[in-house]
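Hello,

Here is the structure we talked about. Please look it over before you read on.

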Amino acid sequence: MSHLVEHDRRSFLRGAAATAAGIALGHTARASHSPLPGGDADGRVLVLLQLSGGNDGLATIVPGSDELRRVRPRTLHDEGDLLPLDDDRGWNPHLDRIRAEYEEGRVAIVEGCGYPDPVRSHFRSYEVWHTGRRAGRASGDGWIGRLAASTWSDSGSPDVVMHIGGDAPYSVHSSTFPPVTLGSPTGYRWFGDEESYAKGGAAIADYATRATREPRHAGRDRALDLLRATLDDARASSQRVRGASASYRTPVEYPRTRIAASLRDVAALLARDRRTRIFSVAHSSYDTHASQRGTHDKRMRELDGALGSFLADLRRTGQSKRTVVLVFSEFGRRVAENGSGGHDHGKAGPMLLLGEAVRGGLHGAPPSLTELDDGDLAYTTDFRSVYAAIVGGWFRADVDLVLGPEAPPALELV
Amino acid sequence: MTTNVLLTTLLAAATVLPVQVERIPAATVELDWDRRAVEHLWNRAGFGVAADEIDAWVAAGPEALVDHLFAVRRGDRTPLSRRFESTLNEFDAEVGSPASRKERFETRRRRRLIENDLLQDLRSAWMESILEGDDPLRDRMTLFWHGVFTTSFTSVRRPDALARQYETLRGGALGSYAVLLRAMLRDTALLEYLDNDENRRGSPNENLAREVMELFALGEGHYSEADVREAARALTGATRGDDGAYQFDEGQHDDGVKTILGVTGTHGPNDLATILLDRPECASFLARSLLEYLEGVPASPARVDQYAELLRETDYDVGRFLRTLFLDPGFYRAEVVGARVAGPIDFVAGAERRLGLGVPPDFAADAAAALGQDLFRPPSVKGWDEGFAWISTSTLMLRGNVIGAMLDLIDVETVRGDMRGAVRSELGLGGASRDDMREMSREQFRRDALSRLAKSLRESDYEPSAYLGTIVRGAGARTDEEAVRVLADALLAIEPPEETIAMLIVRLAELRDAFGVTEEQLAQNRRRTENALLRLGHLLLSLPEAQLH
C-alpha cells in the first residue's frame, strides 16, 4: 500500500474514533435517567458467572475427611492451609476475599447441586444446566433466555441481557429475545464512519423520495425492517457499552485477568444506568483432567480477586443492593483423582450466590463422600431450586413459565 | 432481457416428470426468468454468483442453469478420511504404549494437537470448495445435511470419522434420502455422537432412537415414548469396532420382538429405517425441512403435501426434488426472493463469490465460526437455527467488520488504535494508572473476535485481489448514481430498495469530497478513487441489505 493510502486511512480512523469518544462522553451526563425495563421498581440484576469446564467443588469448599485424603493424595489441600469455614469444612486457601464476604453474611453456599438421574453424556449435562430442563436444548431456549423473553420482552431495550467476554453460554440463548453479546466493549462497534452506518437503520426511510414498497419485494422489505431495527439496537448499545467502558473510573483495583476485565465492564454498566438486568460472564479453564492442584488454585485466586474487587466496587457505587452474583459450573468432578493428578468430569457441586440481598450461610446439604453415584457425588439439592430462587424470589417472575412445571420449589436464598 | 418460459415446457424439457405436469395447471403459472431469478437460484442452490455472469444465464434459460448445477464433478483427490486415518495410525504406531503416566499424558496432548490440525484441514478443504464454487449445489446440500445429521468435534474428537461422515453426506447429498438415512445409521461418528456405542442389550441408551425420530425422520408428535424405547432396542449393537469401522455387535444386540410404530418383528437398525421411511410423515418432514431451508419461509401445508408426494413417488429422490423446486415458479415468489437471512457461510462465501477477493479458506471458516457457524461444531444435535437467529447486535456489526478486514480497511492496528483511543479518553479524566490501562486494553484485545480474525489475515499475507474501481469503470459509470447502482448490483445478493440507493449516492459524494475526487474522476484509475469506493463498498456490505440473499 502506498504512503498516501496509509495516511488517508489514519486520518479517516482518527476522525471516526474521535466521533465515537465524543458521543460516548456526551452520553454519560444523561445516563441515569434511562427508563427502567420490567415491572419491579428497584431494577434488580443478576450476574451469572459460569466456571467453564467443570469446577471441582471439593477443592472449592473442602470437607474435612479422611476418606477424601485417601482418594485425593495429590489434589487435596492440607487441612492447615484451608481458610476456616466451620467445623466440617474449609475454604480453598485462595478464596480469602469471598470468605470475607461470607463472614459478613453476603454469600449463600448451596451444597451438592445436581439433578436426579444425571445423564451420562457430559455434553448433555451441560445442556441440562443451561436450560434447566431434562431434555436440554431440544426443549428450546436457555433458562435466562426464557426469563428475559417472558419478563422483559416489552421493554423495547435490546440490552436487557448481556454476555460479556467470548462465547455466550446457552443459558442466555433466546430465539425471541436474543441477548447482546460482546467479546469486549472496545471491539463492540462497526469500524467505519459510524454516522453513515447509523443511516442504514430505520432512518434510511428519510431517503425515500416516493413510496417504493412494491409487492414483488414484500419478503425482502419485511426482513429489512427487522434488520434495520437490529442495526439501530446495535448502534444504541454500542455507544452505551463503549461509553460506559471508556468513561468509567474506579479507585478499586481489579486484577489483570480476563474475568476481572469482564466484571469491571459490568460494574461500569451498572453504574451508568439500569437497563441491563442480566449480565453473563464466564471464567474458563476449569477442565482439570491433569495436574489439577496448581491449575485449580490459580483459577480460585483469579475468581477471588475478580469477585472481591467487583463486589467492593458495587458497594462503592451503590449498586450492591440490587445485584446478586450466581456462580455455577456445568458439572462437578469425580471424587477420586485420576492417574494424572487430575479429576475427570463428575456430577454434583456447590453453587454460590453473592450479594447484599442474599441470605448468607450454608444451604442445601453436604453430599456424602462415601455413598457415591458411580464414583461421583450424588446430588442433594436440585440446582433448579436455586434457579427458582432467582426467577421467583429475586425477579418475582413466573417460575413455571421459565423452568417448567417439573422444577422443584425455590430455596430461600434472597 | 427477460425470457418467460412456461412451466409445462420446462418440466417436459428438463427431466421426465409426468406427475408434476399433471398436478400444476398448465399455462397459468409462468416463471419470470430474469436477472433477479438467476441470482436467486444461485444464492439458494449455491453461494451466490458474480454479477457479470448473470446475463449469460438469463440467456441460457433455467434448464441450462439447473443442468449446470447438477453436472457431475469428480475430484480425484485422496479422500481426507483415508489420509487422516493413516496420519493418526502412524502417530499411534510411533508412540507405541507409553511407559509412564507422564508419557501417557504427553502422548495424549500431542495426539490432541494432531486431531485439532486435521479438523482444521477438513474445515478448510470444505470451505475452499465452497469459495471456489466448482460444485455449488453439492456444497449447499452437504451443508444442509450436516445440519440434519449433526455431529460435533466438540464431543466426537475423531477427525477421520468426521471426514468419513462428510464424504458420505457429500456423496449422497443429491441422491436418495433413504440411502442417506441408512448410511447414517452405520456412521461411526453419528453413532458415537448420539451415544449408540452405549446402547446395549439390557441397558438401552435412547439418545439415537429419539433423535432419529424427532430430528431425522418424523418430527415431534409423530411417535410415542414407547416407540422410542422399542427403536432403541432395535439399534442396540450398532457401534464402532476396534478398527474404527462400523460394527454390528450381535452379542450386544437385542434380538427380541419389538413393536415400532405399529410394526412388530425382531427389528434391527435397517428394519427401523424401513419402518420410518414407510411412514407418510417421513416424506412430509423431509419436504418441509428442505422447503424451509431453501425458501427461507415457513412452508404451507399444500406445498409440503405437493413435495412430500414427489418424494414418496421417487423413493425419496432429493435430486428430483431439487430439480422440480428450482423450476417451480413458487420458488421465485415475492415472499421468498431476497428475504432469507444469509447464514455466516452464505455471507462470507457470497461476498467472495461476487467480488473474487481471494480470501484464504481458513479465514473464511474462522470468520463464519465467529459469526456463529463453525463447521463440524454445530451448537447442538438440532444443528443451526436458520434465519434471524443468525443476527444479533454483535454479529451484525461483526459481519461488517469482517468485510472491512476482507477489503483491507480493518487490521489489527485499527482495533488496537481504537482501544488506545478509548483508554486515552479515560486517562484524560485522571483515573487508573497507565499500566493498568495498558493491561486492561490487552485483556480486551484478547477477548475480541475481530482482533483474532484480523491477526490471522495478516499472518496469511492476504491482499484483496479485486478493485472496485475496475468494476465501476468496466460498467462505464460516470456519475455517483451510476457508480452506486453498479456497485450495489455487484456486491449485493439482492436488489436494494431505492432509499438505499439514494442514501449511498449521498455517501459517495461525501467520500469523494473527503478523498478529493471529483465525479468525473470516478471513471479514472486513481488510488484516491479506489479509497473512496472501498469505503462505500464496506458500508454497502455492512448494511441490512447485505445480510439477505
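Predicted model: local features only at pLDDT ≥ 70, side-chain atom pairs only at ≥ 80, totals over all residues.

Residues are numbered from 1 along each chain as its sequence is written, while chains are lettered from A and ligands numbered from 1 in the order in which they are written.

Chain B has 27 helices and six strands (DSSP runs: H or I of at least four residues for helices, E of at least two for strands, numbered from the N terminus). Of its 549 residues, 50% are buried (20 or more other C-beta atoms within 10 Å of a residue's own, with C-beta atoms placed from the backbone). Among its contacts with a separation of 6 or more, 73% join residues 24 or more positions apart (a contact means C-beta atoms within 7 Å).

Now the two chains together. Chain A puts 70 residues into the contact, and chain B puts in 69. On the chain A side, α7(A) gives the most, with 19 residues.

Then the cores (buried Ala, Val, Leu, Ile, Met, Phe, Trp, Tyr and Cys residues joined through C-beta atoms within 7 Å). The largest nonpolar core has 170 residues. L540(B) and L487(B) are among those that touch the most other members. Helix α15 of chain B, residues 280–295, gives the most to this core: eight residues. Apart from it lies another core of 96 residues, including V266(A) and F383(A).

Best wishes

Methods: Buried ≥ 20, exposed ≤ 12 C-beta atoms within 10 Å, placed from the backbone. Contact = placed C-beta atoms within 7 Å.
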